[in-house]
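Open the model in your viewer and keep the selection tool handy.

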Amino acid sequence: MGIRQVALLGTAIVSAGMIAALTAPSVAQAQNEQFIPNLVYRTGAYAPNGIPFADGVADYINMLNARDGGINGVKIITEECETGYATDRGVECYERLKGKGPTGAAYFSPLSTGITFALTEKAPGDKIPLITMGYGRSDSRDGEIFTWNFPLLGTYWTAANVAIQYIAKEWGGFDKLKGKKIALLYHDSPYGKEPIAALDIMSKKYGFDFLQIPVPAPGSEQKSQWLQIRQQRPDYVLLWGWGVMNSAAVTEAGNVNYPRDHMLGVWWSGAEPDVLPAGDKAKGYKALMLQHPAGKFAVHKDLEKYVISQGKSMAKPEEFGQVLYNRGIINSMLGTESIRTAMAKFGNKPMTGEQVRWGIEHLDLNADRIKQLGFDGMIGPIKVSCLDHEGARLSRVHQWDGKEWKVISDWFKGDDSILEPLVKATADAYGKEKKITPRDCSKAS
Amino acid sequence: MLYREAGQFKASYQADQAIFPVAQDRLVMLALLVIAFLVVPFVTSEYVYRAVLIPTVILSLAAIGLNVLMGYCGQVSLGSGAFMGVGAYAAYNLAVRLPFLNPFVCILLSGFVAAAVGIVFGIPSLRIKGFYLACATLAAQFFGDWAFLRIKWVTNYTPSGSVNAPPLQLFGWDLSSPTANYLVALGITLALALAVKNIVRGHIGRQWMAIRDMDIAAEIIGVRPLYAKLSAFAVSSFLIGVAGAMWAFLYLGSWEPAAFDINRSFSLMFMVIIGGLGSILGSALGAIFIVLLPIFLNQALPPLGAAVGWQISTATVSHFESMIFGALIVFFLVVEPHGLARLWSIGKEKLRLWPFPH
Amino acid sequence: MTTARARSFTDVLLSVENISLSFGGVKALTNISFDIRKGEIRAIIGPNGAGKSSMLNCINGFYHPQEGAITYKGQRRSRMRPHAAAEQGIARTFQNIALFRGMSTLDNIMTGRNLRMRTGLFWQALRLGPADREEIEHRKVVERIIDFLEIQHIRKVPVGQLPYGLQKRVELGRALAAEPELLLLDEPMAGMNLEEKQDMCRFVLDVNDEFGTTICLIEHDMGVVMDISDRVVVLDYGKKIGDGAPDEVKRDQAVIDAYLGVSH
Amino acid sequence: MGAESRLPLQPGEAEGVASANVLDVANIEVIYNHVILVLKGVSLSVPEGAIVALLGANGAGKSTTLKAISNLLLAERGEVTKGKIHCRGERVDGLTPNDLVRRGVIQVMEGRHCFGHLTVEENLLTGAFIHGRRRQQIADDLEKVYHYFPRLKVRRASQAGYTSGGEQQMTAIGRALMSRPNTILLDEPSMGLAPQLVEEIFEIVKNLNEREKVSFLLAEQNTNVALRYAHRGYILESGRVVLDGDAADLRENEDVKEFYLGIGGEGRRSFRDVKHYRRRKRWL
Amino acid sequence: MGFFLEVLIGGLLAGVLYSLVALGFVLIFKASGVFNFAQGAMVLTAGLALVRALDVFEQWHWPFGLALLSAFAFAAVIMAIIAWMVERLVLRKLVNQEDIILFMATIGITFFLEGLAQTLFGADVYPLNVGLPKDPIFLLESLFDGGILVNELDIWAAVAAGLLVAGLALFFQRTRIGRALRAVADDHAAAQSVGIPLNQIWFIVWLVAGLVALVAGAVWGSKLGVQFSLSLLALKALPVLILGGFTSVPGAIIGGLIIGAGEKLAEVFLGPSMGGGIEIWFAYVVALLFLLFRPQGLFGERIIERV
């Protein structure tokens, strides 16, 4: 009888504990703190990519706290929540964290296209901005419709456009695209499908054949896709993968002897975990950059001094300065600078989500400010506005030389003659479907 | 001593066949209903609604649906995630294509679409049994995953394949608040749960159970396997489909196909088995358990770790969560293979005998 | 003291003509013919592996003989599914009890009424009006059977927990609930002690007398067979070696050699 | 240690001969699923070289007693909660079935339980599992089994699942013999078998007992046959031993005659004539 | 034509790789009637143990051969410990439970192992080099334009799978333990009653399945790097399993070949017209169609049904 009684008792205790955990009043909080949630995925099929990014995000905030005591004297508190890249877990994290801290969550970075889609529906009601740096809905750069979304630094449409610009330049002009065949090997999910709309338009405009090859998640097996590529012989392969799909693609490219330097990954396919498992086969593979390269810059000195050497970082030594780690610190920097911008208007106290939203919308980092922050060489200037929630449409290309990523191109700027009508059309459609009255940006303050 | 049925006599077959023949049970049930409908809305925070109550209630319905198939009819299915997806996308398409329909009508109609699809995928069950069938239902799961992604009509040609639920209204009331979502979900779930309970204690339910317990004997006494199995698939898919539509409309709001992937199928199966095969109450208990456990571990582990001076990262928490989850499943199966529902009834049995040991 | 009553029956309910059945080359039944007359108790005996159960399986459509024909109620039967046989009024019990172990006694017997219950899913879900009335009406019938078989006390007990003898009785109840015209009993008394056998015989005889149900049973206990059956078929290795009244069969040398042995 | 354990209900046995018993079961209680009490204090003993019959109605606890001895109970969520079981003076409750087979005690389960997908010969060979790789010995044993069951030799290559009930019963007993047991616990050997086969099986049991010196504890419904072949008998009712003694005595016992053999005062009565549903008083 | 052949061969070789995972399922199902969903997680665990140990030994500057052998030994020990724990803590407590319960328990084990393996060995991608060549080779270049591409690694994997199958088939049919394993699969209680110690048998069978997982982990790890998604291989192996039959070792291989070839041909030749990405459900549909004609799989044992 024993074990069953123990089980009964255990179940009772656990259920009681669960109920208590859910209803317990939150611990009394200091009033002068700014809460920034950190949605991460350190487990599951995408963990290798999720971990360095999450470490970067956390380290920068720790560094601010250690070096400056937060932002303008307001200490930042943060909490990680594991989403496992799953939408429902992400939503639960969001619900759990959105009310924490004296003013609630400052902003969310969902770090998953799926979670972004889901939160896009919830954020306006909760008045919390979403910073979806380099991912999310491409049309959400339209601030008239998407008041709360900020796809800072670049959207997938920007990426697609820049990729084509780069290929055209390599071949010697847009007219050379005509009759060529460009394949998109993509993660079969909303994330991977995002660029298709933009590529469709460009293929019509420039006259290249556009071949779509989906890879079912998680993408560890790509034999048939690469057999197709071998058969179709596209002149360029754009890779829109995530997690294991990237390294598998690069490996398979090696297996079928597809020239690696005719492959161009999006910025989520251009980090160390994407190429290292492929070993030698990755040599020559190229990827877009979300502006920033791998490597250590001025800000890394402070990170080293205040965080790494203090043993406060979870990052492994080799991670420090890697592509995704750097992206993580940029993500935090943009968020905290937005808060600083907001404080300039609303005072040096914890900001509410609404105030942070204003801050992001008025974020303006010029070259000087970027240098001041220690990000010189990592990103270009960014200026967000009500009309343009992307802030900058810049990208470069880097190439893996077998050991590290080397920047091989100059800056490209997204071509708004292509992008803007597309954004406008889809954003308006969304607005109509959701019965959103567009803000009038000329009147927004 | 409070829980005794002595002195309660039943004078009619109706009374004998009641769902809760014991008066105390009826009282407890009534109290729970009152709490669920009248007390909870006044004391609950939005977080508890969004993270706990709404998913639990909706997934309970899905688990009941799967339980009809697995627990009552004995057909193991690993494709329930896809059927939730069918419900969700059916509701979405109805809402988009027939804009004059109220979203709630769409939710209910989506059940019928799911039922039709369920019947199609149930046809192999006439020949295939056991684990072979379980694997075969994976075909439904993967086909669903693919169809939601690839057949553009399903997502109304949205470029990314991610779709949104329409705003929820009824008679001009805005029902998008968490409280409203919760009450709607609870109402639909309870109504359908009651309907299922009625079916399983009637002759159709007995046919299912006959097929489950011994299909050959069932056929020999005149149960048509075709009708029994397919009706179970239909009812099960109906419930799962409605749950899927609610999951999409009331919980996610916006979703991509990954919301209905194989992990959803697995978690539903956990609910059913941990809760108890062939028990409506068990399905709900299972749903509560599976929804709450990760949340609980997530909140409980870091402080526990801190107490012993160990900084636990979210990764560790989530690995631990995975381990504890796995271990608990095994533990429950070892202690009581028939699930929480059986533990519950043993508890009641004990209470009835108490203070005597036998 | 007495043996079989002299009863005579004339109407043929079911006749089996030249049936042969084989599984993957192994002959289970070879060229067997016999008939079952309306109202009688017909026994099939024979050593293990003689094909007795296969015979019942053919009659109720579970196996399909490769050769020969079965005529039931004057109609020659084509290949049919077991449930179709049930719909025509053939019910049976099984050698190794085939109850629905997860269900209560009551529910098990209620499944026997299954063929007569017609309300659809919709009314079932609401359980109002027709569904409720139907349920009660059939419950009354089932309660009479429960009464008849004296199993009131185990009405709500899951059958998996019942001892063997009671399970056999419940199984009989389930078959009776279908109100069959022809009842096939596969070793209804196997594994019972004397007292239980006596009870079971009583039930069988009463069913036969009171409801006029035709019964075809397989049984090893010669005492039982000789006492209660009107006519006996003897099978051995898939062939028919004897057919007739109990007393004749008992004296048949072929039957004695193949089955009864010297002691009977 | 055996002495005090077998004190109750052993009227016919001399004290102090525990060593002559292969099995001593003392006052065991068995509970299934933590709730259902099936055995309420059963004691019995099997002397060396004897055939002991365990008789009684369905659900009286015969199978449970056997399983309690061979330790197959755990698999069915049953457990021995009280009492002791000794095998040749050694405490054996709590051992695994495997341990018991090594000590020469093996059970042939009710309903045959052959390995349906294995051939008859493979079935037999599994019985020799505990003897490892002693090829010669195993080959000899196989021949011996075929000697006792010539029918199995004919069917040696067919899948056991397709053999008849009688052949399966023989396979099951033969399989047990392959382990070279000194005691076989035989559960319902006659169940579902034709009268002729029942005799055949019991003859083989008798032969094995006489020639191979195997002791048998058999649970049986068929009181008639069982008491003809057994030396001793125990009658179980509702989880208790209600009567025990030498088989010959039991055969003559009026109650046994009346309730188990069907021979009333006036001789055998036809099943057709038992008009009333007789109810004997049952002690629960 | 050349391309068709290339796809066919590529598919067949990919199929063999699935077979490696399916084999582990077959072993455990055949020997204990347990549908072991944890096979994928075991591949992950074995692969992680192997690659992490290899890293460590290489850091100690052991010669490659020694380091590799030791790493395999280490991983084998880990698999043995897992087998022991599974037997001790799960199977032993669930003797004679219904199949579905045991199946669920293995899902529990899956979660546990995934958590444990990642806690112990990390959740990153670890490139694995066990000395298998990975270069593409081109056959019949004279015959077809561009030749037929085959990967050396796949060929080695096929060889490994072939050897494993031959060995296991012999083990099951010819040995005492093999026979006992089959007996246990048929009837736990009866096997126990004749003195087959279930506990030892289960340990052995999980250990063998663990070693098969180790081979699969080494091969797949060399191909993709050792990482979490190895655990998801289980899902690719299931159609192979239903097609080949749960109880047939050769069936796992033949099923793998059919599924591999079928899904690759479908994806390459039908996929583009259907929007692509059809191979995963196509594999299941192929398996399902076969099942409709043979409900026990191509090589599965006949289901013996009696009343």
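**Stop one: chains B and E**

Select chain B and chain E together: four residue pairs between them are in polar contact, both residues at pLDDT 80 or more (N or O atoms within 3.5 Å, where within protein one must be able to donate a hydrogen and the other to accept it, and residues adjacent in sequence count only if both atoms are side-chain atoms). Now colour the side of chain B that touches chain E by element: helix H6 (130-150), helix H11 (262-275) and helix H13 (314-335) each give two or more residues (helices are DSSP runs of H or I, at least four residues, and strands runs of E, at least two, numbered from the N terminus). H13(B) supplies the largest share, 11 residues.

This is a predicted model, in which local features need pLDDT of at least 70, side-chain atom pairs count only at pLDDT 80 or more, and totals for chains, interfaces and linings use all residues. Residues are numbered from 1 along each chain as its sequence is written, chains are lettered from A and ligands numbered from 1 in the order written, and side-chain values use heavy atoms, leaving out hydrogens and water.

**Stop two: inside chain D**

Next, select domain 1 (1-104 + 181-284) and domain 2 (114-180) of chain D, with bounds from an automatic or database domain assignment. Zoom in on Glu212(D) and Lys144(D), which form a salt bridge with their closest N and O atoms 3.3 Å apart (a side-chain nitrogen of Lys or Arg within 4 Å of a carboxyl oxygen of Asp or Glu). Finish on H8(D), which gives seven residues, the largest share of the side of domain 1 that touches domain 2.
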